[in-house]
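Subject: Structure handover and notes

Dear colleague,

I am passing on the structure we spoke about, with notes on what was found in it. Please have it open as you read.

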Amino acid sequence: MDTKARLITKSVTWQTIGLILMAAIGFLFSGSVSVGGGIAIASAIVGFFSYFAHELFWSRIKWGRH
């Protein structure tokens, strides 16, 4: 089972990658750095907490573990 520190680190690194990709996609669709950045930041915040909650939920399920 992952420690909370490992879980937080995984969440932060995942969201950093997502932030960069979402900013690029937002920029490509809007042509605006500020709109793309705003979309990316909102997505990162929601995604971080969603991923963290998802991992906590699954850490309590014993199914599929050896």
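The notes below cover the helices, the salt bridges, the nonpolar patch and a few separations between residues.

This is a predicted model, in which local features need pLDDT of at least 70 and side-chain atom pairs count only at pLDDT 80 or more, whereas totals for chains, interfaces and linings use all residues. Residues are numbered from 1 along each chain as its sequence is written, and side-chain values use heavy atoms, with hydrogens and water left out.

The two helices

Helix H1 covers residues 4–30, and helix H2 covers residues 33–59; here helices (H or I, at least four residues) are DSSP runs, numbered from the N terminus, as strands (E, at least two) would be. The axes of H1 and H2 come within 7 Å and cross at roughly 150°, where an axis is a line fitted to C-alpha atoms, for helices over the stretch in contact, and the angle runs from 0 to 180 degrees between N-to-C directions. H1 and H2 are therefore roughly antiparallel to each other, since angles over 145 degrees carry that label, with those under 35 called roughly parallel, 65 to 115 roughly perpendicular and the rest oblique. H1 passes H2 in a right-handed crossing, a term used if the near helix is turned clockwise from the far one by less than a right angle, and left-handed if anticlockwise.

The salt bridges

Side chains of opposite charge can pair when their charged atoms come close. With a salt bridge taken as a side-chain nitrogen of Lys or Arg within 4 Å of a carboxyl oxygen of Asp or Glu, the count comes to three. Asp2, which is placed in the segment before H1, meets Arg6 in one of them, at 2.9 Å from N to O. Asp2 is partly exposed at 34% relative accessibility, and Arg6 is also partly exposed, at 48%; the classes are buried for under 20% relative accessible area, exposed for over 50% and partly exposed in between (1.4 Å probe, protein chains only). Lys10, partly exposed with a relative accessible area of 26%, has a salt bridge to Asp2 at 2.9 Å, N to O. The side chains of Glu55 and Lys10 form another, at 3.8 Å, N to O. This last pair links distant parts of the chain, with Glu55 in helix H2 and Lys10 in helix H1, 45 residues apart. Through shared partners, the salt bridges join Asp2, Arg6, Lys10 and Glu55 into one network.

The nonpolar patch

Which residues form a nonpolar patch on the surface? They are Ile17, Leu21, Ile25, Phe27, Leu28, Phe29 and Val33, with about 810 Å² of accessible area together. Patches are made of residues with over 30% relative accessible area and no salt bridge, like charges being joined within 9 Å and nonpolar side chains (Val, Leu, Ile, Met, Phe, Trp, Tyr) within 5 Å. Areas come from the Shrake-Rupley method with a 1.4 Å probe, and for residues only the protein chains shown count as cover. Helix H1 gives the most to this patch, with six residues. Leu21 lies in helix H1 and is exposed, with a relative accessible area of 52%, while Phe29, also placed in helix H1, is exposed at 77%.

Some separations

The following distances run from C-alpha to C-alpha. Leu21 and Thr9 are twelve residues apart in sequence and 19 Å apart in space. Asp2 and Ser43, 41 residues apart along the chain, are separated by 25 Å. Ser50, which lies in helix H2 and is partly exposed at 42% relative accessibility, is separated by 19 Å from Ala23, 27 residues apart along the chain. Ile61 is in the segment after H2 and is partly exposed, with a relative accessible area of 23%; Ile61 and Ser43 are 18 residues apart in sequence and 27 Å apart in space.

With best wishes
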